[in-house]
Amino acid sequence: MEADFNQPQRQSIIGILVVFLYSLQGYAKALWPILVIWIFKFNEINKVYLLAGIIVIFAVVGIISYLKYLNFTFYIDQENDEFIITEGVFNKTKTAIQLNKIQQVNINQSLIQRLAGVYELAVDTAGSNKKEGNIKAISHDLALDLKSRLLVNENKILIEGLEIDSSAAILNEISTDAEIPFIKISFLSLLKIGITSNYIKSFFIILAFFITLFDQIKQLTGRDVLHDEKIEDYVDKSNVLKTSLILFIIFFSVVIIVNLVKTIFKYFDYKIARHNNSLLLSYGLLNTKSTILKPEKVQITSVTQNFFQKKMNVLGLKITQASGGEKEDHKLAIEIPGCNDFEKEAILNLLFQKIPEKGVMLKPNFRKLGFSVFLTIGLPLLGFYFVRDLIIEQLPLVDYLVLFFVVFVGVIQFFIFKNNRLYINDDFIILQNGAWDITNKIIIPSKIQAITTSQLFWHKNINIGSLTLHTAGGNISFQLGNFTAIKQYANLWLYEMETSDSNWM
C-alpha cells in the first residue's frame, strides 16, 4: 500500500531512541577529553555525584529527544509542489523545498540506525552546502516510496508534448534490491588504496588528537606530559637519533593503520550498478550509504593515482556535482576508491558516453616554478635568517634541518611544475596537477558557468596569463600559460556556453 505523504506525519516511534543516541554521541564527541580524564581518575570521583549527574544528563537528553520527535513532521504539498519539514523544540523551523530543485535523495543507515532497524533519508538540492532535509528514522519501504515521490519531477516522460507522470516506474527504478552491480570494489583494492593514499590527512588527524589530549590533561592536572625534564629521564642523549627514528617509524605505521581502517570502514562492499543510464552507488561497513549519480549532473570528474597505485593497478575517482560553495566540494563529492583501469574506463564511458582523451597541451611558463620556490623556500629562509642565532643555541643541528627542508620542498615544487598541464580537445578539458598524487580533472565545456582570464601588467611582454573555469561543482585554474592560446580557447568555450542546451542541473 502506497503511503499518503499529503498529510503531515512523524518518523518511526523508534526515532526517539535514535535521536537520543545521536544526542549522546554529540555530547561525547564534544567532551571526550574530559571523559578520558574522568576514566583515569574514577577512584577519586565522588560516585554519588557522578551517578546523579549521569541520571540528570540522561533525563534532560531524553526529554529533548522526545520533544524533537514529537515536533518533527514531513509531508508533500501537492498544490505548491514542495516538500515541507517542520522541526524544533522551543523554536519551530519550517523548511520548504521545491520538488523541481531536488538534486539528490540518499538513503543511508548508520550503526545506530542499523541497530534500531530504521534508515535515514537525506534530501540535497543544488545551490546549498548542506542537506536541506534530513529524516533520521524511517522504514526502508517508506524511504523508497518517499524517494520516488520526491524525484518524480526528474522522471517525467514527454510524449507528443504531453507530460506523463511515471512515478510507478520510478519506484521500480529506485528499488536497489533487484539491481546487479557491474562493478564491485574488492577488499584487496581497498587495502591497496588504504596503504597508498591520504598520508598527510591521516597524519594531521592523529597529530590533532594527541595535541588536544595533552592540552586537556595539562589544563585539568596542571602537568605538562611532554616536559623536557621528563623526556630526558627516558631517553639517553646518545640515542636521540635512534629513538627519533623509532618513534617516526611507529608514528608512520599508526598513520597507515588508521588510514587503512578508515578506508575499509567507509568504503567496504562498494558496489556500482546501472540505473537507466545512471549509477547507483552503495557502500559502507557500519554506516551504509546509497545514492544515485546522474551523468548529466556531473560537473568535475577527478582521476587520482600515484606511483605505488600505478604499479598496483588501482586509482581513485572523485565525482563532483553541483554544490553550494567550493569549501564544501570535498564533502559533497562522491568518491570511488580502488578502481582498476578497466573499471575506470567503464565508469567514464557511462558518464561521458566516451573515454576522455588528452588533446592540445598547454604548459605553464617557468616563472611559475620560480614564484612557487620564492614563496615556499625563499620567504621561509628569509625569516630563518633573522632568528637563526636564537634557534642554533637550542638546536645546533638546525642548519642540516634547513638544508633538508630546502631540498625536500624544492623537489616537490619541481614535480608540481612538471606535472601541471592543461589538455584541450573538442569534447573535454583536462587539468593535470600534483607532485606525488597526480590528479586529472575532467570537465565538459558545456558545463562551464563562467570564465575568468587574467594577466599582470609585467606579464604582457612575455604573453603569459592565467585562466579559471567556474562550474557549479567548483573551479579549476591554470596559471601562467600562453595567454594568446588561453584567450582563443576562452572565446570558443564562451560560444559553446551560449549555444549549448544541455541540462546539467
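The protein chain of the predicted model contains 15 helices and 22 strands. Of its 505 residues, 38% count as buried. When contacts with a separation of 6 or more are considered, 59% of those in the protein chain are made by residues 24 or more positions apart.

Helix α15, which is formed by residues 483–499, comprises 17 residues, and the distance from its first C-alpha to its last is 24 Å, close to the 24 Å expected at 1.5 Å a residue. The buried residues in this helix are Phe483, Ala485, Ile486, Tyr489, Ala490, Trp493 and Met497. Because these residues cover an arc of only 145° around the axis, they lie on the same side of α15. The face turned away from that buried side carries Gln488, Asn491, Tyr495 and Glu498, which are exposed. The cover over the buried residues of α15 is provided in part by strands, including β16 (360–362), β17 (421–424) and β18 (429–433), and the elements that contribute to this cover also include β20 (450–454), β21 (464–471) and β22 (474–482).

In another part of the chain, strand β14 (residues 315–321) includes Thr320. The relative accessible area of Thr320 is 8%, and this residue is therefore classed as buried, the cut-off for that class being under 20%. When residues up to four places away in sequence are not counted, Thr320 touches Lys297, Val298, Gln299 and Ile300, and also Ala333 and Gly473.

Rolling a probe the size of a water molecule over the atoms shows where empty space is left. Strand β4 (residues 102–109) supplies the largest share of the lining of the largest cavity, with three residues.

Conventions: Residues are numbered from 1 along each chain as its sequence is written. This is a predicted model: local features need pLDDT of at least 70, side-chain atom pairs count only at pLDDT 80 or more; totals for chains, interfaces and linings use all residues. Side-chain values use heavy atoms; hydrogens and water are left out. Helices (H or I, at least four residues) and strands (E, at least two) are DSSP runs, numbered from the N terminus. The expected span of a helix is 1.5 Å times one less than its number of residues. Buried means under 20% relative accessible area, exposed over 50%, partly exposed in between (1.4 Å probe, protein chains only). The arc is that of the directions from the helix axis to the C-beta atoms. Contact means heavy atoms within 4.5 Å.
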